[in-house]
Amino acid sequence: MNLVITMSRRYGTGASMIAGQLSERLSIPVYDRAYIEHEMESHSYADEAEVIRELAANSCIILGRCASEILKGQANVFNIYICADKEDRIHRIMMLKSLSYEEARDMLESNDRMRCDYYHENTGKVWGDVNNYHMILDTSQLGIENCADILLRYFERIEII
């Protein structure tokens, strides 16, 4: 079965690492904002939604870009939301970006605000609303590797993989 995983996330949750682990273990590509924007520039797509629908014709993981809403109702699409405690996110950003606590906090807040606004502008919905996702995973409670394992076990259990 063609499996499309959409992954919405708060900044600094480690969702990109989860997507990378899933990509490697499922042998499917991960598409993010940079890739989708590159596709729009390189081809004659009308908008990001058209690119996302085209990518979803094959198994893949799509990070952000309102993909959960764009692909809503498709049986092969599984929508995930990744969250984590704010302090954990700040410390992860500090480590990854070599920033001070204040710089990481400001970057987190700015990124979250932009993502929230982008989601609302493009969907009219609240970003992170539990009703928009099949599963919500908290990397502070579960850990990044466990989140990837949980998803893989779930997909195996429902016989998607």
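Isoleucine 82 sits opposite leucine 137 of β5. This is a predicted model, with local features needing pLDDT of at least 70 and side-chain atom pairs counting only at pLDDT 80 or more, while totals for chains, interfaces and linings use all residues. Numbering runs from 1 along each chain as its sequence is written, and side-chain values use heavy atoms, leaving out hydrogens and water.

Let's start with the strands. Helices (H or I, at least four residues) and strands (E, at least two) are DSSP runs, numbered from the N terminus. Two strands pair if DSSP finds at least two bridges between them. By that rule β4 (residues 77-83) has β5 (residues 135-138) as a parallel partner over four bridges. β1 also pairs with β4 in the parallel sense, over six bridges, and there isoleucine 5 stands opposite phenylalanine 78.

How many of the seven residues of β4 are buried? Seven of the seven are, where buried means under 20% relative accessible area, exposed over 50% and partly exposed in between (1.4 Å probe, protein chains only). Both faces of the strand are covered: Val77, Asn79, Tyr81 and Cys83 are buried on one side, and Phe78, Ile80 and Ile82 on the other.

Threonine 6 belongs to strand β1. Leaving aside residues up to four places away in sequence, threonine 6 touches (heavy atoms within 4.5 Å) a set of residues including Ile62, Leu71, Val77 and Phe78.

| Residue | Relative accessibility | Class |
|---|---|---|
| Threonine 6 | 1% | buried |
| Phenylalanine 78 | 8% | buried |
| Tyrosine 154 | 30% | partly exposed |
| Methionine 1 | 64% | exposed |

Now for the rings. The structure holds six aromatic pairs: rings of Phe, Tyr and Trp (its six-membered ring) pair if their centres lie within 6.5 Å, and planes under 30 degrees apart count as stacked, over 60 as edge-to-face and the rest as tilted. Phenylalanine 78 and tyrosine 154 have ring centres 5.4 Å apart and planes at 35 degrees, so this pair is tilted. Since phenylalanine 78 is in strand β4 and tyrosine 154 in helix α8, the pair ties together parts 76 residues apart in sequence. Phe78, Tyr154 and Phe155 form one aromatic cluster.

Over to helix α5 (residues 86-97). Its twelve residues reach 16 Å from first C-alpha to last, close to the 16 Å expected at 1.5 Å a residue; the expected span is 1.5 Å times one less than the number of residues. Arg89, Ile90, Arg92 and Ile93 of α5 are buried. Why do the buried residues of α5 line one face of the helix? Seen down the axis, they fall within an arc of 165 degrees, so they line one face; the arc is that of the directions from the helix axis to the C-beta atoms. What covers them includes α1 (15-26), α6 (101-123), α7 (139-142) and α8 (144-157). Serine 98 follows α5, with a positive phi near 55 degrees.

Finally, the chain start. Methionine 1 lies in the segment before β1 (4-9). Not counting residues up to four places away in sequence, methionine 1 touches Ser59, Ala75, Asn76 and Ile160.
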